Amino acid sequence: MLYIGIDLGTSSVKLLLMDAAGNVKNIVSREYPLYFPNPGWSEQKPQDWYKETMQGLKELLEGFPKEEVAGISFGGQMHGLVILDDKDEVIRPAILWNDGRTTEECDYLNNEIGKDTLSKYTANISFTGFTAPKILWVKNKEPENFARIKKIMLPKDYLAYKLTGEHCTDVSDASGMLLLDVKNRCWSKEMCKICGITTDMLPKLYESYECVGTILPEIAKELGLSEKVKVAAGAGDNAAAAVATGTVGDGRCNISLGTSGTIFISSAKFGVDKYNALHAFCDANGAYHLMGCMLSAASCNKWWMDEIIGTKDYKKEQESIKKLGENHVYYLPYLMGERSPYNNPNARATFIGMTMDTTRADMTQAVLEGVAFALRDSFEVAKTLGIPIERTKICGGGAKSPLWKKIIANVLNIKVDVLETEEGPSLGGAMLAAVACGEYKDVESAAAAIVKVVDTVEPDPELAAKYEARYQQFKNIYPACKDLFDKII
């Protein structure tokens with residue numbers, strides 16, 4: 001049988017076709033617009049997601065036996081607010097994860113409702129990207145739209161609805177809404193009351209590997225598929241990527257270098273760090289995970305290469321980087337503000353340390369190192385919880401760079417396992433579909449059968465020591481700049 005994974009990303013939807021053994025048969029990507037109506041705002045039209053997904057599915061299946069397709073599932077950009085009216089029509093463009101308009105609402109939630117109260121209800125505090133403050137923003141700034149809300153959804157769940165007619169979500173994605181009682185895997189009535197909504201405005205909750213329904217007859221006809229094709233709930237992009245990298249079970253780690261950057265640590269038990277610097281979420285395997293999320297990771301390198309240097313040859317640009325651990329230039333990677341561990345939408349990207357002999361290669365190196373240092377900030381918080389991490393998987397576009405993998409291995413001083421297939425959330429979605437269809441008894445079994453490590457980047461003790469000294473310098477820069485950021489915004 002064949003299984004489809006749909007990764008609804010920020011810049012494009014990526015669709016993957018996988019057979020029962022986990023072999024990738026085809027991949028298709030379709031781009032759609034991203035809108036910035038005001039500084040710090042970030043929106044997309046859910047209708048664009050659906051249009052490009054349907055076109056992508058047709059391209060994906062061309063030349064393959066459509067009768068063998070058994071299941072579809074998702075990985076998706078988290079936190080985005082999709083609101084539907086009583087006719088299930090989209091009320092306004094979706095407000096995305098990297099949108100920074102909700103500073104006032106976050107201040108209200110964190111300071112007036114209180115971080116301790118939020119953590120008690122949801123295991124997390126409010127960040128500007130989360131969904132609950134977006135709901136409050138619509139309530140405060142667009143009351144006419146708020147009054148029309150019948151259903152509140154997350155981005156990938158809009159696709160699930162369009163395919164099945166079911167209003168659904170999964171617990172991993174719902175964890176990032178600040179509306180879920182993460183420990184008990186149910187909606188928080190207290191948080192709904194704070195946001196002025198009711199639980200019936202929220203979709204039905206599922207585990208990521210559970211079937212939410214089958215595709216609608218008209219969808220089956222348009223795509224040439226059986227009406228028996230099952231659709232599984234899927235997962236938030238990082239939880240889906242964790243499935244694809246085999247980061248399921250207790251104490252396993254995955255680093256994702258995509259538009260955003262994450263360090264994802266799976267855990268059999270529920271746990272929260274005392275400062276709520278890391279997100280405490282449900283995972284796609286029926287358990288939990290801790291996650292540190294930086295808003296700009298591989299996007300920092302893309303910005304530096306495309307917009308500043310003006311080149312698309314990323315590989316060539318990195319070839320001239322030779323003096324690892326000896327760079328005097330530092331880069332704070334806060335192009336979109338920062339989430340973990342600082343929760344500061346006013347933070348900004350910053351170069352510091354340049355001199356007359358600073359080279360283009362030094363600057364490029366600083367960007368790569370700055371992302372690695374920022375990942376370590378979250379890694380350090382995880383270590384305070386007594387979680388021993390000796391190795392990590394790695395995925396995302398940035399993971400294709402051997403140099404970046406080497407830098408991360410030495411900055412974190414852990415082994416970095418390289419996978420045979422680095423397809424991230426789209427592969428994870430296909431694996432969840434396979435579990436939903438009974439191809440594998442559970443997510444861990446699917447990961448054990450499909451995920452293969454083909455190489456390991458080991459830290460070099462001498463280089464790791466150099467990077468330790470550099471990191472100790474790096475972590476002083478944000479506190480020194482924090483007050484300045486607030487003044488220049």
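**Notes on buried residues and salt bridges**

1. Let's start with Arg 391: at a relative accessible area of 38%, this residue is partly exposed (between the cut-offs for buried, under 20%, and exposed, over 50%, using a 1.4 Å probe and protein chains only). Keep in mind that this is a predicted model, where local features need pLDDT of at least 70, side-chain atom pairs count only at pLDDT 80 or more, and totals for chains, interfaces and linings use all residues. Residues are numbered from 1 along each chain as its sequence is written, and side-chain values use heavy atoms, with hydrogens and water left out.

2. Arg 391 has a partner: its side chain meets that of Asp 417 in a salt bridge, 2.8 Å from N to O (the term means a side-chain nitrogen of Lys or Arg within 4 Å of a carboxyl oxygen of Asp or Glu). Asp 417 is buried, at 5% relative accessibility.

3. Now for Arg 92, which forms a salt bridge with Glu 43, the closest N and O atoms being 3.2 Å apart. Arg 92 also pairs with Glu 142, at 2.7 Å from N to O. Both Arg 92 and Glu 142 are buried, and Glu 43 is buried too.

4. Shared partners join Glu 43, Arg 92, Asp 99, Arg 101 and Glu 142 into one salt-bridge network. Across the whole structure, a search finds 25 salt bridges.

5. Last, have a look at Ser 260, buried at a relative accessible area of 14%. Beyond its neighbours within four places in sequence, Ser 260 has contacts (heavy atoms within 4.5 Å) that include Trp 97, Cys 293 and Ala 297.
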